[in-house]
Every structure is written in structure tokens, then in C-alpha cells.
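Welcome, and please open your viewer. We will go from stop to stop, selecting a few residues each time.

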Amino acid sequence: MTTPRRARALAVATLVALASLLVWNVAQYPWRKGYDATAAAHYAETLGASHRLPTADDTDIWHNPPLWFALAGAVYRGAEIVGLPDPGIPVQLLSALFVLGIVVLTAVLARELFPERRALPLVALGCAV
């Protein structure tokens, strides 16, 4: 049985390891090499420039919800305005923050749904990673 202190330390260590992996990924893997990078960039561009949702004729990922692409497009344009050499890096970092948020939310939900099972949030955190 894990103590609350030990469980908290394991959770923090897991989150630090995940954050390190995500930052390493941003540093080592250019976003343009993603299998759907062109389609995602076109989706975000359509939202930002044309102020409309893309259709099946515009991009293959037209059916995805628009919030992420709107945020990513705004961050990308902001990075261009500031003059960053690769405006995709802030978008990758935003994605990494979202991943961390989802993992933490999973653990918090497990704790709220099953308060009597003290180890379950840590298990949920590990499964979400």
C-alpha cells in the first residue's frame, strides 16, 4: 500500500518524466514531419484566414473539432509576428501542455470518482501516460 506522500512523489516523478519527454520531442522532432502536418496547417490557416470551417475539399481532417486548430493557428501567427525562426515550436509546446493537462485531469477524475481507492489516481495517471 502506498502512502499519500509516496503516491504524490510518484505522481510528480511521472509528470516530470512525461514533461521531459514532451520537451525532448519538441526539440528533436520537427512538426513538419508529422504525417498530417500539411492537413493540420491548412485547417488552421482556413480557420484563421478565411474565418470558416474547412470542407472535405479543403483538407482530409475537415471533420475534426475546430478549437485546437483555432488555438494552434493563433499561436502560430503570433510566433510569426514576433519573428521566431520556427513558429511551429510554440504550437508543439502548447500541445505538450495540453497532454500534461489531460494526464492530470485523468488522475483528478479518478480521485474524485473513487475517493476510497487511494492508489487509483496514480494508476490512472500511469495509464494516461
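**First stop: the largest core**

Select L18, L22, A96, L100, V103, A107 and L125: these seven residues form the largest nonpolar core, meaning buried Ala, Val, Leu, Ile, Met, Phe, Trp, Tyr and Cys residues joined through side-chain atoms within 4.5 Å. Buried stands for under 20% relative accessible area (1.4 Å probe, protein chains only). Now colour helix 1 (4-28) and helix 4 (88-113), which each supply at least two residues of this core; helices here are DSSP runs of H or I, at least four residues, numbered from the N terminus. Helix 4 gives the largest share, four residues.

Apart from this core lies another, of six residues, including A39, A44, L47 and F69.

**A word on the model**

This is a predicted model, where local features need pLDDT of at least 70 and side-chain atom pairs count only at pLDDT 80 or more, while totals for chains, interfaces and linings use all residues. Residues are numbered from 1 along each chain as its sequence is written, and side-chain values use heavy atoms, leaving out hydrogens and water. Mean pLDDT, the predictor's confidence in each residue from 0 to 100, is 91 for the protein.

**Next stop: two packed helices**

Show helix 2 (residues 37-50) and helix 3 (residues 67-82), which pack at about 85° with axes 8 Å apart. That makes them roughly perpendicular, a label for angles of 65 to 115 degrees. To see the contact (heavy atoms within 4.5 Å), select A40, Y43, A44, L47 and G48 in helix 2, which meet F69, A70, G73 and R77 in helix 3.

Key
Axes are lines fitted to C-alpha atoms, for helices over the stretch in contact, and angles run from 0 to 180 degrees between N-to-C directions. Angles under 35 degrees count as roughly parallel, over 145 as roughly antiparallel, 65 to 115 as roughly perpendicular and the rest as oblique. Buried means under 20% relative accessible area, exposed over 50%, partly exposed in between (1.4 Å probe, protein chains only).
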